[in-house]
Amino acid sequence: MSRKPIIAANWKMNMTPSETSAFLEPFLSTFSEPTSVDIVIAPPFISLPKAAETVTDNPAVALSAQNMSHEASGAFTGEVSAAMLKEVPVEYVILGHSERRSLYGEDDAVINKKVKATLEAGFKPILCIGESLEERDGGQLEAVLTTQLEGSLADITAEQMADVVIAYEPVWAIGTGRTATPEQAQETQAFVRSVLTKLFGDDVAGATRIQYGGSVKPGNAGELIGQPDIDGFLVGGASLDPSSFADIVKAGAAG
Ligand code: PEP
């Protein structure tokens, strides 16, 4: 089954509104026509309106938020709702990133509420899962990923899965410069797809895009995208430089 690769820039807490324009202007001139990959940029909330202004009418690039509250409105200091993101607008929302899980205590039950809220609002969640090095070395890789998928996707229907992107990000490879080998990533992503088959059936599993994330760079993107179960990337550090992110996109489009 052919799946359109999706390559997303997760800027995390980097890029002010003016830095966002300075990045996007040259980047968008490189990608002004639709390409064979979906390109997604996820700036911090404060820079999303500037990104939306700059990206307007560019058919190649979509925007993502890095998080969203599952609550609709009210006394939730510091949170951002679906209605707010609709006014930007964004198409995707990253959920369950390992930094949200480890630094802000988000567990699968909370992430599941957020996945439901994003889908109900018409956004496409990019659901992050991944194991720590301790879990991998301790032989718990499959159990951890299964628990994360079952918990985060509880009560999601096969139809709704058409809008869900999974990002497999081994925690030990995020921001460390240590990438999973293409073989390790492939083997694990094939396992993730097998869990999706158990949960939703072959058709959904075959159609779901599974990104790899963890120290993706222009130099390793080509080899990674060549793996059959890697359908794109979620890129942190290397997405902060327009030319390096453009090279990763080009590697994805060539793969
Ligand atoms: C990420 O934060 O999702 C990520 C993969 O970061 P990096 O590319 O810097 O490892």
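Reader: Which residues line the largest cavity?

Author: Its lining is made up of G96, H97, S98, R101, C128, I129, G130, E169 and I174, where a lining residue has an atom within 4 Å of a point of the space, and a cavity is a set of points, on a 1 Å grid over the protein atoms alone, where a 1.4 Å probe fits but cannot get out. Bear in mind that this is a predicted model, in which local features need pLDDT of at least 70 and side-chain atom pairs count only at pLDDT 80 or more, while totals for chains, interfaces and linings use all residues. Residues are numbered from 1 along each chain as its sequence is written, and side-chain values use heavy atoms, with hydrogens and water left out.

Reader: ok, and how much space lies in the largest cavity?

Author: About 30 Å³, a volume being the space filled by probe spheres set on the grid points, which are joined across faces, edges and corners. The structure holds 1 cavity of 30 Å³ or more.

Reader: Which elements each supply at least two residues of that lining?

Author: Those are α4 (98-104) and β5 (124-129), with helices (H or I, at least four residues) and strands (E, at least two) taken as DSSP runs and numbered from the N terminus. By class, the lining has 3 nonpolar, 4 polar and 2 charged residues, where Ala, Val, Leu, Ile, Met, Phe, Trp, Tyr, Cys and Pro count as nonpolar, Asp, Glu, Lys and Arg as charged, and the others, Gly among them, as polar.

Reader: What volume does the largest pocket have?

Author: The largest pocket comes to about 480 Å³, a pocket being an open set of points with protein on both sides within 12 Å along at least five of seven lines. Of the 19 residues that line the largest pocket, K12, M13, Q66, R100 and Y104 lie nearest its centre. The largest share of this lining, 4 residues, comes from α4, and the lining as a whole has 9 nonpolar, 6 polar and 4 charged residues.

Reader: Switching to helix packing, at what angle do α1 and α2 cross?

Author: Helix α1 (residues 17-30) and helix α2 (residues 48-55) cross at roughly 25 degrees, and their axes come within 9 Å; axes are lines fitted to C-alpha atoms, for helices over the stretch in contact, and angles run from 0 to 180 degrees between N-to-C directions. That makes α1 roughly parallel to α2, because angles under 35 degrees count as roughly parallel, over 145 as roughly antiparallel, 65 to 115 as roughly perpendicular and the rest as oblique.

Reader: And which residues make the contact?

Author: On α1 they are P17, T20, S21, L24, E25 and L28, and on α2 they are K50, A51, T54 and V55, contact meaning heavy atoms within 4.5 Å. These residues divide into 5 nonpolar, 3 polar and 2 charged.

Reader: How do α5 and α7 pack?

Author: The axes of helix α5 (residues 108-120) and helix α7 (residues 141-152) come within 8 Å and cross at roughly 45 degrees, and the two helices are therefore oblique to each other. In this contact D108, I111, N112 and V115 of α5 meet T147, Q148, G151 and S152 of α7, which gives 2 nonpolar, 5 polar and 1 charged residues by class.

Reader: Last topic, the backbone: which residues does a cis peptide bond join?

Author: A cis peptide bond joins V88 and P89, with omega about -5 degrees, and P89 is found in the loop between α3 (82-86) and β4 (92-95).

Reader: What about phi of D155?

Author: For D155, a residue other than glycine, phi has a positive value near 70 degrees, and D155 is found in the loop between α7 and β6 (165-168).
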